[in-house]
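Work through the exercises below with the structure open beside them. Each task is followed by a solution in steps.

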Amino acid sequence: MNAEAVADPHTLESERAVNRGIVRRAEQRYDEAAICFERALTLAPTHTEALAQAAQLYANDLARPDDALRCLRTLLTTFAPGDPRTPEVRRALQILSADSS
């Protein structure tokens, strides 16, 4: 289970959805993976792992750059100031924005 998980049913269900999405993506069942990640984000809209996984899926496997950009923009809002992941996400946003223009 992800380190973000808390022992409440709502959070546990979002964790299960993320884990299912990761497995579906590994199986190259990309549309099903997207459904899983979106389910997790419906339950927990700022779930960092769901946002990151969905962004990768949309950008790399489903050719849905607008959805990837949406996830990355939301992901940035979840980071505390100075979070070491921020530069990587900003770079991904720049690359994706340039590619989708």
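**Exercise 1. The lining of the largest pocket**

Describe the lining of the largest pocket by residue class, then by position and source.

Solution. Step 1: sort the lining by class, which gives eleven nonpolar, three polar and three charged residues. Note that the model is a predicted one.

Step 1: find the residues at the middle. Of the 17 lining residues, Gln56, Leu72, Glu88, Val89 and Ala92 lie nearest the centre of the pocket.

Step 2: assign the lining to elements. Helix 3 (48–60), helix 4 (65–78) and helix 5 (86–100) each give at least two residues. Helix 3 has the largest share, with seven residues.

**Exercise 2. The largest nonpolar core**

State how many residues the largest nonpolar core has and which of them have the most contacts inside it.

Solution. Step 1: the core has 24 residues, and Tyr58 and Leu72 are those with the most contacts inside it.

Step 1: trace the core to its elements. Two or more residues come from each of helix 1 (9–26), helix 2 (30–43), helix 3, helix 4 and helix 5.

Step 2: list what surrounds Tyr58. With neighbours within four places in sequence left aside, the contacts of Tyr58 are Ala34, Glu38, Ala63, Arg64, Pro65, Asp67, Ala68, Arg70 and Cys71.

Step 3: return to Leu72. Leu72 is also among the residues nearest the centre of the largest pocket.

**Exercise 3. The cysteines**

Solution. Step 1: count the disulfides; the structure has zero. Cys36 is in none, and the nearest cysteine sulfur to it is that of Cys71.

Step 1: compare the separation with the cut-off. A disulfide needs the two sulfur atoms within 2.5 Å.

Step 2: check the surroundings of each. Cys36 is buried, because its relative accessibility is 12% and the cut-off for buried is under 20%. Cys71 is buried as well, at 0% relative accessibility.

**Exercise 4. Thr86**

Decide whether Thr86 is buried or exposed, and name the residues it touches beyond four places in sequence.

Step 1: apply the cut-off. The relative accessible area of Thr86 is 17%, so Thr86 counts as buried.

Step 2: read off the contacts. Leaving out residues up to four places away in sequence, Thr86 touches Leu76 and Phe79.

Notes: Residues are numbered from 1 along each chain as its sequence is written. This is a predicted model: local features need pLDDT of at least 70, side-chain atom pairs count only at pLDDT 80 or more; totals for chains, interfaces and linings use all residues. Side-chain values use heavy atoms; hydrogens and water are left out. On a 1 Å grid over the protein atoms alone, a cavity is a set of points where a 1.4 Å probe fits but cannot get out, and a pocket is an open set with protein on both sides within 12 Å along at least five of seven lines; lining residues have an atom within 4 Å of a point. Helices (H or I, at least four residues) and strands (E, at least two) are DSSP runs, numbered from the N terminus. Ala, Val, Leu, Ile, Met, Phe, Trp, Tyr, Cys and Pro count as nonpolar, Asp, Glu, Lys and Arg as charged, and the others, Gly among them, as polar. A nonpolar core is a set of buried Ala, Val, Leu, Ile, Met, Phe, Trp, Tyr and Cys residues joined through side-chain atoms within 4.5 Å. Buried means under 20% relative accessible area, exposed over 50%, partly exposed in between (1.4 Å probe, protein chains only). Contact means heavy atoms within 4.5 Å.
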